[in-house]
Amino acid sequence: MMANDRAMTVSFFRTAYPWIIVCCGMLFYCYNYFLRVSPSVMQGELTHAFHITATQFGTLAGLYYWAYTPMQVPAGILYDKFGVRFVLSVACLIAVVGLSIFIAAHNYSFASMGRFFIGLGCAFAYIGTLKLASIWLAPNRFATVAGLATAIGMASGALSQKYLAKIVDVIGYQEALRSALISGVILSVIILLLVRSRPKHKTSDESEMRTPIDLSQLFTSIRLIFANPQMWLIGIIGCLLYLPSSVFLDLWGIPYLKEAHHLTPEQAVAISSYTFYGWIIGGPVLGALSDKIKRRRMPLTLTGIVAAILLCVIFYIPGVSLDALYIMFFLIGFCCGSHSLCFALGKESNPIQISGTAVAITNMLIMAGGAVFQPLVGKLLDLHSLSAGPNGLPIYTSSDYTFALSVVPIGMALGVALTFFLKETYCESQAKEAEKLIYKPAILRQPEAEPIK
């Protein structure tokens, strides 16, 4: 009986426990997504609280990305060097500190600082989840986990927009965000208690567990990644195909729907949420399909074409019915779920030993879209607006939003065109020889053994 119990325990730790650990990373990604999209339902409150224009509002929200984006490379290095457990827990606390500053802020400068720290902590969420997946799960589960993590994050975004909007209307944005502080602290403790950086049953010399052991090897790894033309192509494509989320869903979608399609706040939030629902289904489905057919490029290209066409219909064809909007936004979300394949491409285009750094750089290039395009859309709104309200702030019309948000379908069309230049990885590492360049310096520095006398 004891032998059976021991066997069941071992079976649990080899099957269920790895998924529990990966799910801890996903919970932090959900928390990150809540913090990321929260300004989209608080535009009116934040605009009046700090008396800011669309450019300033876009900049305030975009500061999340200004911290998030450049931190991807240091975050990946920290994961590869020190493991996930402690780094992920501390990152969660940093996001909590940023949220507390944002809540307490009574002027634009302090709110901006809080938003920056939120992005700083959240920079570790997604790549931490993928790093855990690359360590604890089988290689053919990576794209599935990437899609599933994105789907769960989207669910968090949908629920955030739906319920946070109602709560903000009743008690204000500051009170509405206070409970998130407690949740963040609890989450940090959960990560510290449950997450482990490597399985005990794997030895440190197994290839998938090896990481660069000194600064020289770390810099060699980064140089190899940035010298790979495919990485730049993957990052730019991922950035452009992610614009429906980083620009539209995260910030400007709800204001656009209210003004351009004359929807109530409740209707705008509901339709925006359908994009999240589509993404929730599309992420894991397209990730699993990609793993099944062993193709990355084809799903990315086809779904990008469909999403770009649907966005053009929404932006440029007048009189779209409410029911059609629900369907089209769901389909856009489903198609955009394929963006997680960019992370699989980034991982498979580099040695598995530096998967954390490779995924981090991929994420950095993708998330740069939010840093650039969120403030850009705000600037385009201010440039196109010709009227001002009684408080002196500009009034934005339907044509203003359509003009400013045209960067989204244009960017997606460019991203689709670039996919034709991608090299297919067939779900396998295409950079096995590069490992020698990473570890060769350490081998050369080892002292020669003295001859036996």
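Colleague: Which residues have the most contacts inside the largest nonpolar core?

Modeller: In soluble globular proteins, nonpolar side chains tend to be buried together. A nonpolar core is a set of buried Ala, Val, Leu, Ile, Met, Phe, Trp, Tyr and Cys residues joined through side-chain atoms within 4.5 Å; buried means under 20% relative accessible area, exposed over 50%, and partly exposed in between (1.4 Å probe, protein chains only). Here the largest core has 130 residues, and Phe-28, Phe-102, Trp-252, Tyr-256 and Leu-405 have the most contacts inside it. Helix α1 (residues 2–37) gives the largest share of this core, twelve residues; helices (H or I, at least four residues) and strands (E, at least two) are DSSP runs numbered from the N terminus. A second, separate core has eleven residues, including Ile-77, Leu-218, Ile-354 and Met-364.

Colleague: What is the origin of the model, and how are its residues numbered?

Modeller: This is a predicted model, in which local features need pLDDT of at least 70 and side-chain atom pairs count only at pLDDT 80 or more, while totals for chains, interfaces and linings use all residues. Residues are numbered from 1 along each chain as its sequence is written, and side-chain values use heavy atoms, with hydrogens and water left out.

Colleague: Which residues is Tyr-256 in contact with, leaving aside its neighbours within four places in sequence?

Modeller: Contact means heavy atoms within 4.5 Å. On that basis, Tyr-256 touches Phe-248, His-261, Ile-314, Phe-315, Tyr-401, Thr-402 and Leu-405.

Colleague: How many disulfides are there?

Modeller: A disulfide is a pair of cysteine sulfur atoms within 2.5 Å, and the count comes to zero. Cys-336 is in no disulfide either, the nearest cysteine sulfur, that of Cys-335, being 6.9 Å away. Cys-24 counts as buried at 3% relative accessibility, and Cys-336 at 4%.

Colleague: Which residues line the largest cavity?

Modeller: Rolling a probe the size of a water molecule over the atoms shows where empty space is left. On a 1 Å grid over the protein atoms alone, a cavity is a set of points where a 1.4 Å probe fits but cannot get out, and lining residues have an atom within 4 Å of a point. The lining of the largest cavity comprises Leu-241, Leu-300, Thr-303, Gly-304, Cys-335, Cys-336, Ser-338, His-339 and Met-412. Its largest share, three residues, comes from α14.

Notes. On a 1 Å grid over the protein atoms alone, a cavity is a set of points where a 1.4 Å probe fits but cannot get out, and a pocket is an open set with protein on both sides within 12 Å along at least five of seven lines; lining residues have an atom within 4 Å of a point.
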